[in-house]
Amino acid sequence: MCSSDLRLGRGVLLHPEGAVNWQAERVWPLHPGAADMALTLAQSLESVHDPMPVQIVPIAWRMTFTEDVSAQLISEMQLIERECGLSLWPSNDPAERLTALLGAVLSQRAHQLGLRRPDLAVARPDPGYFEAQALVFTELRCRLEREYGALPDDPMHALRAIGRGIRRRQNVDPTEATRDQQMLIEYLRLSRLDPSLYGRDTITQEQIAEVLKSTRALLVTRGWRNRLHNFLPRAVAPRVAHVRVAAPMDIRGAVALGTSATAITNRLHGSLQQLQDTLTHELEPTVGRFRRANPMEERNRYGASLAEAI
């Protein structure tokens with residue numbers, strides 16, 4: 001169907017053309033589908049001397065809430081806390097509660113997976129959340145690499161590579177395979193919690209929401225309602241879509257220059273990231289109204305209660 005549509009000059013929308021990692025500000029590595037399709041079409045048109053142009057048009061968008069959604073974010077955190085068996089944290093500040101939730105989940109998951117449990121006790125000069133996360137993440141990566149070899153830097157590539165090994169191990173030792181599967185899920189979860197995105201002085205309610213969606217999708221999976229939600233997630237409140245379109249990429253010209261699919265994909269990635277950077281700047285007056293001080297990089301003021309939460 002796509003092939004016939006393309007030959008008739010109709011546009012074909014590819015979405016998503018890459019990994020879904022719940023990070024609005026960052027475009028993760030792309031799949032080569034758009035480049036491969038465009039190159040194949042351009043080459044076939046060239047062979048029959050058809051002058052129809054072939055273009056890839058980068059499109060990006062950002063979703064923003066229309067009002068203060070603190071109450072809805074707290075409700076989402078309460079659901080995750082209950083499903084994960086954590087004590088409910090009393091704060092009504094979304095940023096404070098997110099810090100407490102992530103700290104409790106980090107400690108709980110490390111304990112469940114047999115990793116060293118991060119010490120977040122308030123009585124000691126302990127690190128902020130992301131320093132504690134880095135210690136767990138490093139140990140987790142070392143454990144996985146001992147079993148399956150060096151991991152690719154791209155977490156999604158690591159997911160596919162280790163996933164094959166885990167499936168093979170399932171036939172030999174199902175218990176160990178299940179544990180490794182949970183380690184892989186935790187590796188992916190922590191790789192998404194990038195301090196360069198979420199460790200700044202302030203955090204937006206859109207960022208809090210995307211962290212919660214990623215956390216829920218990976219950890220809250222029991223029951224058909226949760227599985228349905230993770231497959232078709234709903235935002236906690238109404239949002240507005242802000243769409244931007246970049247200049248089309250001329251694929252016929254790229255064919256003439258012998259440009260590879262990899263080079264086209266890299267150029268597309270750069271164009272999409274530039275669109276997202278533009279959106280980040282343009283939307284700051286909108287999202288900035290509801291920014292919160294971000295305690296995740298502070299010395300953990302909540303550490304004593306985190307230990308009690310699991």
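Biologist: Which residues line the second largest pocket?

Modeller: First, a caution: this is a predicted model, where local features need pLDDT of at least 70, side-chain atom pairs count only at pLDDT 80 or more, and totals for chains, interfaces and linings use all residues. Residues are numbered from 1 along each chain as its sequence is written, and side-chain values use heavy atoms, without hydrogens or water. Now the general idea. Rolling a probe the size of a water molecule over the atoms shows where empty space is left. A pocket is an open set of points on a 1 Å grid over the protein atoms alone, with protein on both sides within 12 Å along at least five of seven lines; a cavity is a set where a 1.4 Å probe fits but cannot get out; lining residues have an atom within 4 Å of a point. Here the lining is Glu83, Cys84, Gln108, Arg109, Gln112, Gln182, Ile185, Leu218, Leu219, Val220, Thr221 and Arg222.

Biologist: What volume does the second largest pocket have?

Modeller: About 180 Å³. Volume here is the space filled by probe spheres set on the points, which are joined across faces, edges and corners.

Biologist: Which helix gives the most to that lining?

Modeller: Helix 4, with three residues. Helix 4 (94-112), helix 7 (174-192) and helix 9 (205-219) each supply at least two. Helices are DSSP runs of H or I, at least four residues, and strands are runs of E, at least two; both are numbered from the N terminus.

Biologist: How does the pocket lining divide by class?

Modeller: Five residues are nonpolar, four polar and three charged.

Biologist: On to the backbone. What phi does histidine 49 have?

Modeller: The general idea first. Most residues other than glycine have a negative phi. Histidine 49 is not a glycine, yet its phi is positive, about 60°. Find histidine 49 in the loop between helix 2 (33-47) and strand 1 (55-56).

Biologist: Is histidine 49 buried or exposed?

Modeller: Exposed, with a relative accessible area of 72%. The cut-offs are under 20% for buried and over 50% for exposed, with partly exposed in between (1.4 Å probe, protein chains only).

Technical notes: Ala, Val, Leu, Ile, Met, Phe, Trp, Tyr, Cys and Pro count as nonpolar, Asp, Glu, Lys and Arg as charged, and the others, Gly among them, as polar.
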